[in-house]
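My entries follow in the order in which I made them.

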Amino acid sequence: MTHDNKTALVTGASRGIGAAVARQLAADGFSVVVNYATDKDAAEAVVAEINDAGGKANRCQADVSSMADVVRLFEHAQRTIGLPTVLVNAAGVMQLASIAQSDTELFDRVVNINFRGTFNMVHQAASCMPEGGRIINFSSSVVELKFPGYALYAASKAAVETMSAILSKEMRGRRITVNTVAPGPTATALFLAGKTDEQVRQLASLSPLERLAEPQDIANTVSFLAGPQGGWINGQTLRANGGVI
């Protein structure tokens, strides 16, 4: 980043990977807007932790699947810290079911948050982000792993990867990079929900490093992409998965 005003907007930042990213970017010197959908208390805790450590953060509720909410979120960011020079789209949902067991309600929920939500955010960013900015979207390594039961989730993330690569070309002339981070199995509440201890052990053993990722592992990847040494990475999907694939 070459901006003196280092500002970051992180969606889904009240917990898990999003919260780790918000804390890391604040430690890197960014003023951060912590976006959340429903968990106000968790978002307030992340903001308090950042501010208590000497950083600068505030929170803003917004449903990324709503374009009106996204416009309001960007207006909040501009009003409180300035237009984001880094945008991290970490908001997402994962609800597993086979294709036969899925219904249109589940399809709409997964696609509306994971794909439409990312589209809404990058659509807004594409029109107002300062020159030289960074857009970092989130996919998942299950796009390549293709586990049974993950069809809707993986498909929504594959769409994000394709959209991100195309957007990176559409940003020609503005020095805005667009990349996607695709974590493997990561020890978050979202990932661990509904899994037995044996299932978790099996998933941890997929990596040659023989452990699950921690949210901080993924936050470090985002920090690299958002920082000065990540400026030549553009239009890529980084599979931060410890060698699972």
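**Strand 1 and its partners**

I began with strand 1, which pairs with strand 2 (residues 31–36) in the parallel sense over 4 bridges. I count two strands as paired if DSSP finds at least two bridges between them. Helices (H or I, at least four residues) and strands (E, at least two) are DSSP runs, numbered from the N terminus.

The model is predicted: I took local features only at pLDDT of at least 70 and side-chain atom pairs only at pLDDT 80 or more, while totals for chains, interfaces and linings use all residues. Residues are numbered from 1 along each chain as its sequence is written, and side-chain values use heavy atoms, with hydrogens and water left out.

From strand 1 the chain passes through helix 1 (residues 16–27) to strand 2, a β-α-β crossover that is right-handed. Right-handed here means that, with the strands pointing away from the viewer, the path from the first strand over the helix to the second runs clockwise.

Strand 1 also pairs with strand 4 (residues 86–89), again in the parallel sense and over 4 bridges. There Val-10 stands opposite Val-88.

Are the residues of strand 1 buried or exposed? I found 5 of the 5 residues in strand 1 (residues 7–11) buried, that is, under 20% relative accessible area; exposed is over 50% and partly exposed lies in between (1.4 Å probe, protein chains only). Thr-7, Leu-9 and Thr-11 are on one side of strand 1, Ala-8 and Val-10 on the other, and both faces are covered.

**Strand 2**

I next checked strand 2, where 6 of the 6 residues are buried, so strand 2 is largely enclosed by the rest of the structure. Ser-31, Val-33 and Asn-35 point one way, and Val-32, Val-34 and Tyr-36 the other way.

Strand 2 pairs with strand 3 (residues 56–61) in the parallel sense over 6 bridges. Val-32 stands opposite Ala-57 of strand 3. The chain gets from strand 2 to strand 3 through helix 2 (residues 40–52), and I noted this β-α-β crossover as right-handed.

**Whole chain**

I noted 9 helices and 7 strands in the chain. The radius of gyration is 17 Å, close to the 18 Å that the globule rule gives for 245 residues, so the chain is as compact as a globular protein of that length. That radius is taken over C-alpha atoms, and the rule is 2.2 Å times the number of residues to the power 0.38.

Of the 245 residues, 51% count as buried.

**Cysteines**

How many disulfides does the count come to? I got 0, taking a disulfide as a pair of cysteine sulfur atoms within 2.5 Å. The sulfur of Cys-60 has its closest cysteine sulfur in Cys-128, 14 Å away, which is too far for a bond. Cys-60 is buried at 6% relative accessible area, whereas Cys-128 is partly exposed at 21%.

**Positive phi**

I looked up two residues other than glycine with positive phi. Arg-175 has phi near 55° and sits in the loop between helix 6 (151–170) and strand 6 (177–181). Glu-210 has phi of about 60° and sits in the loop between helix 8 (197–204) and helix 9 (215–226). I logged Glu-210 as exposed, at 65% relative accessibility.
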